[in-house]
Amino acid sequence: MKRRELLGAAIGLAGVVQWRPANATAEELAAAIAAFAGGVPVRNGRVEIDIAPLVENGNTVPITVRVQSAMSEADHVKAIAIFNESNPQRDVANFYLGPRAGRATVATRIRLATSQNLVAVAKMNDGSCWSQTVDVLVTLAACVEP
Amino acid sequence: MTRALVTMPATAKRGDVVEIRTLIAHPMETGYRPGEDGAVLPRNLIRRFTCHYDDVLVFSAELFPAVAANPFIAFSTVATASGTLRFSWTGDNGFTQTETVSLTVT
């Protein structure tokens with residue numbers, strides 16, 4: 001009976017220990033996105049993240065972000081930011097563009113410490129913010145091997 | 001001087017969208033990773049990338065530790081007039097690198 005209680009407590013504790021950081025990083029992610037948006041509500045849509053859903057090597061992951069926009073003087077994307085949920089830092093990269101970009105597409109290569117959610121947020125010249133979230137599975141994590 | 005590559009067409013029609021791909025040799029040391037002796041390796045990052053088209057800023061980026069080593073950045077710009085594009089990377093420990101590529105617009 002005692003051993004059962006102890007086991008139960010241990011499992012419960014393990015659950016708490018594992019879940020708390022996940023929630024904390026999710027809050028940090030929301031805070032980082034809110035800081036980028038500057039108080040404007042972030043809506044889903046217009047942004048498209050192109051990334052492999054199953055990543056074999058987290059050290060270099062190609063990612064492309066496209067935003068539906070005419071990229072004219074009257075309607076263009078001012079900034080695109082990529083955020084992650086479970087790396088040591090929430091920011092990945094911020095890109096600043098304008099009507100002279102012609103196309104609202106940027107591509108880079110990033111590191112992913114573990115399987116996690118990625119969020120791309122686009123800020124338009126009218127102040128509105130749009131985002132997309134993708135879930136990525138990583139088999140070999142970055143940052144573990146020296 | 002480290003090695004930097006800029007891939008883009010040499011000529012374009014006026015109004016065309018030109019795709020530019022840049023790559024630079026840099027470790028992008030995160031400051032979170034232990035080295036051979038177990039001590040954390042000091043942070044050494046490229047923080048900022050800019051592209052000026054005839055001295056007008058057309059694209060810039062802020063990079064964080066989550067950008068992979070040897071940063072690759074691809075973007076596009078509208079060919080407006082013949083001129084030079086200047087690409088600059090700046091980072092920790094006074095790192096700076098500048099590349100220029102000329103573009104002929106017909």
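User: Which residue stands opposite D50(A) in β4(A)?

Analyst: D50(A) has T64(A) of β4(A) opposite to it. Residues are numbered from 1 along each chain as its sequence is written, while chains are lettered from A and ligands numbered from 1 in the order in which they are written. The model is predicted, and for that reason local features need pLDDT of at least 70 and side-chain atom pairs count only at pLDDT 80 or more, whereas totals for chains, interfaces and linings use all residues.

User: What makes β2(A) and β4(A) a pair?

Analyst: Two strands pair if DSSP finds at least two bridges between them, and β2(A) and β4(A) are joined by five bridges in the antiparallel sense, so the pair qualifies under that rule. On the same test β4(A) and β7(A) pair antiparallel over six bridges, with V61(A) opposite I110(A) and R66(A) opposite T105(A).

User: Which strands form the open sheet, and in what order?

Analyst: Six strands lie in the order β2(A)-β4(A)-β7(A)-β6(B)-β3(B)-β1(B), with antiparallel pairing. Strands here are DSSP runs of E with at least two residues, and helices are runs of H or I with at least four, numbered from the N terminus. Towards the chain B end of this order, β1(B) is joined by four antiparallel bridges to β3(B), residues 17-24, and L5(B) has L23(B) as its bridge partner.

User: Why is one side of β2(A) and of β1(B) left without a neighbour in the sheet?

Analyst: β2(A), residues 47-51, and β1(B), residues 4-7, stand at the edges and have a single partner strand each, so one side of each has no neighbour in the sheet. Between neighbouring strands the average turn is 15°, direction ignored, the axes being lines fitted to C-alpha atoms (for helices over the stretch in contact) and angles running from 0 to 180 degrees between N-to-C directions.

User: Which residues touch the most other members of the largest nonpolar core?

Analyst: I80(A), I82(A) and V67(B) do, in a core of 57 residues. A nonpolar core is a set of buried Ala, Val, Leu, Ile, Met, Phe, Trp, Tyr and Cys residues joined through C-beta atoms within 7 Å. Leaving aside residues up to four places away in sequence, V67(B) touches V92(A), A93(A), T108(A), I110(A) and M28(B).

User: How many residues does each chain give to the contact?

Analyst: Chain A gives 27 residues and chain B 26, where contact requires C-beta atoms, placed from the backbone, within 7 Å. On the chain A side, β6 (91-96) and β7 (105-110) each supply at least two residues. That side has 12 nonpolar, 10 polar and five charged residues, with Asp, Glu, Lys and Arg counted as charged, Ala, Val, Leu, Ile, Met, Phe, Trp, Tyr, Cys and Pro as nonpolar, and the others, Gly among them, as polar. β6(A) also pairs antiparallel with β5(B), residues 56-63, over four bridges, and N94(A) stands opposite E62(B) there.

User: Where does pLDDT stay under 50 in chain A?

Analyst: It does so over residues 15-19, for which the model has zero contacts beyond four places in sequence; pLDDT is the predictor's confidence in each residue, from 0 to 100. Chain A has a mean pLDDT of 84, with 82% of its residues at 70 or more, and chain B averages 92, with 100% of the residues scoring at least 70. The model scores ipTM 0.91 and pTM 0.85.

Key. Two residues are in contact if their C-beta atoms, placed from the backbone, lie within 7 Å. A residue is buried if 20 or more other C-beta atoms lie within 10 Å of its own, exposed if 12 or fewer, and partly exposed in between; C-beta atoms are placed from the backbone.
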